[in-house]
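This briefing goes through a single model, topic by topic. Please have the sequence and the structure open while reading.

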Amino acid sequence: MPIHFLPTMTAAETEVARQMQICNACRYCEGYCAVFPAMTRRLDFVKADVNYLANLCHNCGACYHACQYAPPHEFAVNVPQAMTAVRRETYAEYAWPQAFGAAYKANGVVVACALAAGLALFLVLGVWRSGDLAASGLGANFYAVFPHDLMAAMFGAVFLFAVLALAIGTGRFWRDVTPGRPATGTPAEAAADAARDALALTYLGGGHGDGCNEEDDRYTLARRHFHHATFYGFMLCFAATSVATLYHYLFHLEAPYPLLSLPVLLGCAGGLGLVVGPLGLLWLNLKRDPVKSDAPQRAMDRGFIALLVLTSLSGFALLIGRAGASMPLLLAIHLGIVMALFATLPYGKFAHAVYRGAALLKFAIEKRQPNPVQAGAE
């Protein structure tokens, strides 16, 4: 059967379509992850299908290690690497504004670190101009350096921008991959399946629950564990901020809060997760077999990892030094890094987490419908 490629498909998307045609004829890896059951519902792979499957792929590497057509075979099937290249393109293609996505795609590490340094320097200079850069006797009172309303306005604006950009990008992605016909079950069932698979990282189990193939054929669950530490660390930090907001507005309790208070305990637990998880992912990223990865994507991932680690370390430094004269400087640096993290969320690895959730939802809807390929054969 000839392969029909749309003119709008990029070289990376065309390569995924080629490999999916070969995989569709073989189907040895059908039980490994959601990509292959979704693949069998298609005969041709157009741009929307390729972008959907690329974001459904968790890059566990199981199919590469099992494939009889992997390099040096002339078919050169390398699904993890091909899918990774397409995912990197989707970050920029669906990003809003697209210029920001393109800049982050070009060099994520430089953009992330430069933005963090720039915002931190801006805030440090602002504190220095006010004469409070090395003030003592503030008693860990952050609002003596940055008034509460000013901090709420700054972070509220950046947070709302990130939410809006992610919502627009995800909406573009969803419309492009098309949700298809209504599910045979209730929408809640499909959403519950997708949420469970996303939160448990089901498809980082390699199809057998033993984990990914990393630098050799051995299985490991390290990627799943480090991803979980990162995600739940992020959520605990978000919970800490939410609880502190309730304390401030509902109970009229202003920061700083005691070390054994709920906001501080949640923040410390989340901060530990955001140190252990990202550093573990960086370690895996550095030693990952380049044959199964896309070099520009690895650089982009490291930008996000760097911001997560810097956010956690600067937060702990602020917690330790909050009663000292260096508190204003530490606070300005920490706030600049956090603002940079929020501003870049829609353009890198975090965006992929959202797109992957949308792809998992589409898969959960599809699998409740009759297989169109089998129905056509009948």
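Helix α3 is mostly covered, with ten of its ten residues buried; buried means under 20% relative accessible area, exposed means over 50%, and partly exposed lies in between (1.4 Å probe, protein chains only). The model is predicted: local features need pLDDT of at least 70, side-chain atom pairs count only at pLDDT 80 or more, and totals for chains, interfaces and linings use all residues. Residues are numbered from 1 along each chain as its sequence is written, and side-chain values use heavy atoms, with hydrogens and water left out. Helices (H or I, at least four residues) and strands (E, at least two) are DSSP runs, numbered from the N terminus.

**Helix α3 and its partners**

- The buried residues of α3 are Lys47, Ala48, Asp49, Val50, Asn51, Tyr52, Leu53, Ala54, Asn55 and Leu56.
- These buried residues pack against α1, α2, α5, α8 and α14, where contact means heavy atoms within 4.5 Å.
- The axes of α3 (residues 47-56) and α14 (residues 349-366) come within 8 Å and cross at roughly 110°. Axes are lines fitted to C-alpha atoms, for helices over the stretch in contact, and angles run from 0 to 180 degrees between N-to-C directions.
- By class, the α3 and α14 contact holds six nonpolar, two polar and three charged residues. Ala, Val, Leu, Ile, Met, Phe, Trp, Tyr, Cys and Pro count as nonpolar, Asp, Glu, Lys and Arg as charged, and the others, Gly among them, as polar.

**Nonpolar cores**

- The largest nonpolar core has 43 residues, and those with the most contacts inside it are Met20, Val35, Phe36, Tyr52, Leu53, Leu56 and Met83. Such a core is a set of buried Ala, Val, Leu, Ile, Met, Phe, Trp, Tyr and Cys residues joined through side-chain atoms within 4.5 Å.
- At least two residues of this core come from each of α1 (11-26), α2 (35-39), α3, α5 (79-93), α8 (148-177), α9 (187-200) and α14.
- The most is given by α14, with eight residues.
- Leaving aside neighbours within four places in sequence, valine 35 is in contact with Met20, Leu53, Leu56, Cys57 and Met83.
- A second, separate core has 35 residues, including Ala112, Leu307, Leu308 and Tyr347.

**Aromatic pairs**

- Rings of Phe, Tyr and Trp (its six-membered ring) pair if their centres lie within 6.5 Å; planes under 30 degrees apart count as stacked, over 60 as edge-to-face and the rest as tilted. By this rule there are 14 aromatic pairs.
- Phenylalanine 159 and phenylalanine 342 form a tilted pair, 6.0 Å centre to centre with 55° between the planes.
- This pair links distant parts of the chain, with phenylalanine 159 in α8 and phenylalanine 342 in α13 (residues 327-344), 183 residues apart.
- Phenylalanine 159 is partly exposed at 33% relative accessibility, whereas phenylalanine 342 is buried at 18%.
- One aromatic cluster is formed by Trp96, Phe100, Phe161 and Tyr347.

**Backbone exceptions**

- Most residues other than glycine have a negative phi, and most peptide bonds are trans.
- Proline 71 and proline 72 are joined by a cis peptide bond with omega of about 15°; proline 72 is in the loop between α4 (62-66) and α5.
- The bond from alanine 255 to proline 256 is also cis, with omega near 10°, and proline 256 is in the loop between α10 (222-249) and α11 (262-287).
- Histidine 252 lies in the loop between α10 and α11, has a positive phi near 60° and is exposed at 65% relative accessible area.
- Arginine 27, in the loop between α1 and α2, has a positive phi of about 65° and is partly exposed at 35%.

**Around α1 and the loop to α2**

- Cysteine 33 lies in the loop between α1 and α2 and is buried at 12% relative accessible area.
- Cysteine 33 and cysteine 57 are 24 residues apart in sequence and 7.7 Å apart in space, C-alpha to C-alpha.
- Asparagine 24, in α1, is buried at 10% relative accessibility.
- Not counting residues up to four places away in sequence, asparagine 24 touches Met39, Thr40, Arg42, Leu43 and Phe45.
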